[in-house]
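Please look over the sequence and the model before reading on.

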Amino acid sequence: MSGETILVVDDEANIRDLGRMYLEKEGFAVVTAVNGRQALDLAQQAEPALIVLDLMLPEIDGWEVCRRVRTKSNVPILMLTA
């Protein structure tokens, strides 16, 4: 799976940056989103192999992002929550 694209979605920059750093170190390409709307756009454009998704997001929450992604894709989604 190394070399695949992973979408990291979180409104907290430190969490996004940390996720990106560790995933890129392991050889993954990483795209990031700061809100639900951006996450939906990137999920369609980047066609990631995995989505790491925060639940508490601005604009569209993580639950709704997951629902909408599921209507078009079976990509694995790892949900994050405080």
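Just after helix H2, glutamate 47 has a positive phi of about 45 degrees; helices (H or I, at least four residues) and strands (E, at least two) are DSSP runs, numbered from the N terminus. The model is predicted, with local features needing pLDDT of at least 70 and side-chain atom pairs counting only at pLDDT 80 or more, while totals for chains, interfaces and linings use all residues. Residues are numbered from 1 along each chain as its sequence is written, and side-chain values use heavy atoms, with hydrogens and water left out.

**Loop residues with positive phi**

- Glutamate 47 is in the loop between H2 and S3, and at 65% relative accessibility this residue counts as exposed (buried is under 20% relative accessible area, exposed over 50%, partly exposed in between, with a 1.4 Å probe and protein chains only).
- Glutamate 59 also has a positive phi, near 70 degrees, and is a residue other than glycine.
- Glutamate 59 sits in the loop between S3 and H3 and is exposed, with a relative accessible area of 55%.

- The buried residues of H2 (36–46) are Gly36, Ala39, Leu40, Leu42 and Ala43.
- These buried residues pack against strands S1 (5–9), S2 (29–33) and S3 (50–54), and against H3; contact means heavy atoms within 4.5 Å.
- Asparagine 35, in the loop between S2 and H2, caps the N-terminal end of H2, with a side-chain oxygen 3.1 Å from the backbone nitrogen of arginine 37.
- The side chain of asparagine 35 also makes a polar contact with the side chain of glutamate 59, at 3.4 Å (a polar contact is a pair of N or O atoms within 3.5 Å; within protein, one must be able to donate a hydrogen and the other to accept it, and residues adjacent in sequence count only if both atoms are side-chain atoms).
- Asparagine 35 is buried, at 13% relative accessible area, and touches Val9, Leu57, Pro58 and Glu59, not counting residues up to four places away in sequence.

**Helix H3**

- Gly62, Val65, Cys66 and Val69 are the buried residues in H3.
- Viewed down the axis of H3, they fall within an arc of 100 degrees, so they line one face of the helix; the arc is that of the directions from the helix axis to the C-beta atoms.
- The cover over these buried residues includes H2, S3 and strand S4 (77–80).
- At the start of H3, a side-chain oxygen of aspartate 61 comes within 3.1 Å of the backbone nitrogen of tryptophan 63.

**Largest pocket**

- The largest pocket holds about 270 Å³ of space (on a 1 Å grid over the protein atoms alone, a pocket is an open set of points where a 1.4 Å probe fits, with protein on both sides within 12 Å along at least five of seven lines; lining residues have an atom within 4 Å of a point).
- H2 and H3 (62–70) each supply at least two lining residues, and H2 gives the largest share, four residues.
- Glu47 is part of the lining, which also includes Leu40, Ala43, Arg68 and Val69.

**Proline 76**

- Proline 76 is in the loop between H3 and S4 and is partly exposed, at 45% relative accessible area.
- Proline 76 touches Ala49, Leu50, Ile51 and Arg70, not counting residues up to four places away in sequence.

Note on methods:
Grid points are joined across faces, edges and corners, and a volume is the space filled by probe spheres set on the points.
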